[in-house]
Amino acid sequence: MTLKELVKIERLKKYFPVQSGVLSRVTNHVKAVDGVDMTISEGETVGLVGESGCGKTTLGKTIIKLLEPTEGSIYFRSDDITGLSPSRMRPYREKMQIVFQDPYGSLNPRMKVESIVSEGLAIHNISTPGERKGIVRELLRTVGLREDALPRYPHEFSGGQRQRIAIARALALNPEFIVCDEPISALDVSVQAQIINLFMELQEKFRLTYLFISHDLRVVRHISDRVAVMYLGKVVELAPSGELYKNPLHPYTRVLISSVPVADPDRQKKMTVLKGDVPSPIDPPAGCSFHPRCPIAVEKCSSVEPELRDAGGGHLVSCHLA
């Protein structure tokens, strides 16, 4: 069965200006997202991994247009939403939501839970004020919270409960696509599995589509259908989850997978340690952006940028030697 395409991005870029001098002239740009192509199908979870600063969160925010793209195109159900004004973008806001990393920072501490979860309903003028309360009650039950949470403030809840509130808020407008921006990294380990299971239950129940951003490769493997690996603003590998972990083709992906700890004290695992630091996104290297740290780089890697190509079976990789 062929899945229908829901979200598509083409050559997507997001640059942030660097200003200097008395007149604050733009002297350069931080290339946070630098020419990314990706499609996400209905009901699919695409995991997005990479080290800090590689552009994962910026990519997620740009796809749903919390940040305006510098270049490239964004499609939602074949509709080009790239250059839409705020008013024309409004109907798409209902269909695309985000769950942020920090469940305390993303919730207004001065608002009660009922107001937080129903705010989107009020903004989009969905149902009457009386009906909204019933909708919020049902949403709280769906994410595993009791009705007595309605009149309380975010600081009265644990981190896991606050993230459940944030998830309920994201569900309020009946979205189709949710960007999950490291939604468990700020939570206790004992709570992380509960939230992951909740995401999977909600996906099955509401036919949701996720872009799941995380540092934890074990979590990504568990929840994702496909996994994209990002380095210095570019996707360097994209493959079905099982295939990527079994047969990583890009040297950077191999390094990431080798760093995943094994929960067995008697089993030794060889970990590859990269030399050098991540290059600056203001002045990325010519050719392959990974070549200054790559253990197998050849002369061509420093001058010719590799294309993201299909190595077979939908396994995409951006490497001359793969």
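Helix H3 (residues 113-123) passes helix H4 (residues 129-142) in a right-handed crossing, meaning that the near helix is turned clockwise from the far one by less than a right angle. This is a predicted model, in which local features need pLDDT of at least 70 and side-chain atom pairs count only at pLDDT 80 or more, while totals for chains, interfaces and linings use all residues. Residues are numbered from 1 along each chain as its sequence is written, and side-chain values use heavy atoms, with hydrogens and water left out. Helices (H or I, at least four residues) and strands (E, at least two) are DSSP runs, numbered from the N terminus.

**How H3 and H4 meet**

- The axes of H3 and H4 come within 10 Å and cross at roughly 115°; axes are lines fitted to C-alpha atoms, for helices over the stretch in contact, and angles run from 0 to 180 degrees between N-to-C directions.
- On the H3 side you'll find Val113, Glu114, Val117, Ser118, Leu121 and Ala122, and they meet Arg132, Lys133, Ile135, Val136, Leu139 and Leu140 in H4 (contact means heavy atoms within 4.5 Å).
- Sorted by class, this H3-H4 contact has 8 nonpolar, 1 polar and 3 charged residues (Ala, Val, Leu, Ile, Met, Phe, Trp, Tyr, Cys and Pro count as nonpolar, Asp, Glu, Lys and Arg as charged, and the others, Gly among them, as polar).

**The cores**

- The largest nonpolar core has 38 residues, and Val117, Leu140, Ile165, Ile167, Leu171 and Phe199 have the most contacts inside it.
- A core here is a set of buried Ala, Val, Leu, Ile, Met, Phe, Trp, Tyr and Cys residues joined through side-chain atoms within 4.5 Å; buried means under 20% relative accessible area, exposed over 50%, partly exposed in between (1.4 Å probe, protein chains only).
- Among the elements giving two or more residues to this core are H3, H4, helix H5 (159-171) and helix H6 (189-206).
- Phe199 touches Val99, Ile167, Cys180, Pro183, Tyr210, Phe212 and Ile223, leaving aside residues up to four places away in sequence.
- There's also a second, separate core of 30 residues, which includes Leu6, Ile9, Leu48 and Ile64.

**Aromatic rings**

- The whole structure holds 6 aromatic pairs (rings of Phe, Tyr and Trp, its six-membered ring, pair if their centres lie within 6.5 Å; planes under 30 degrees apart count as stacked, over 60 as edge-to-face and the rest as tilted).
- Tyr231 and Phe290 have ring centres 5.1 Å apart and planes at 85°, so they pair edge-to-face.
- Tyr231 sits in strand E9 (residues 226-231) and Phe290 in the loop between helix H9 (251-258) and strand E11 (309-310), so this pair ties together parts 59 residues apart in sequence.
- Both Tyr231 and Phe290 are buried.
- Phe199, Tyr210 and Phe212 make up one aromatic cluster.

**Helix H9**

- H9 is mostly covered, with 7 of its 8 residues buried.
- Its buried residues pack against strand E3 (45-49), H7, E9, strand E10 (234-240) and helix H8 (241-246).

- Glu71 lies in strand E4 (residues 71-76) and, at 43% relative accessibility, counts as partly exposed.
- Glu71 touches Arg11, Leu12 and Lys13, again leaving aside residues up to four places away in sequence.
- Arg11 is in strand E1 (residues 5-20), and its phi is near 45°, a positive value in a residue other than glycine.
- Arg207, in the loop between H6 and E8, has a phi near 55°, also positive.
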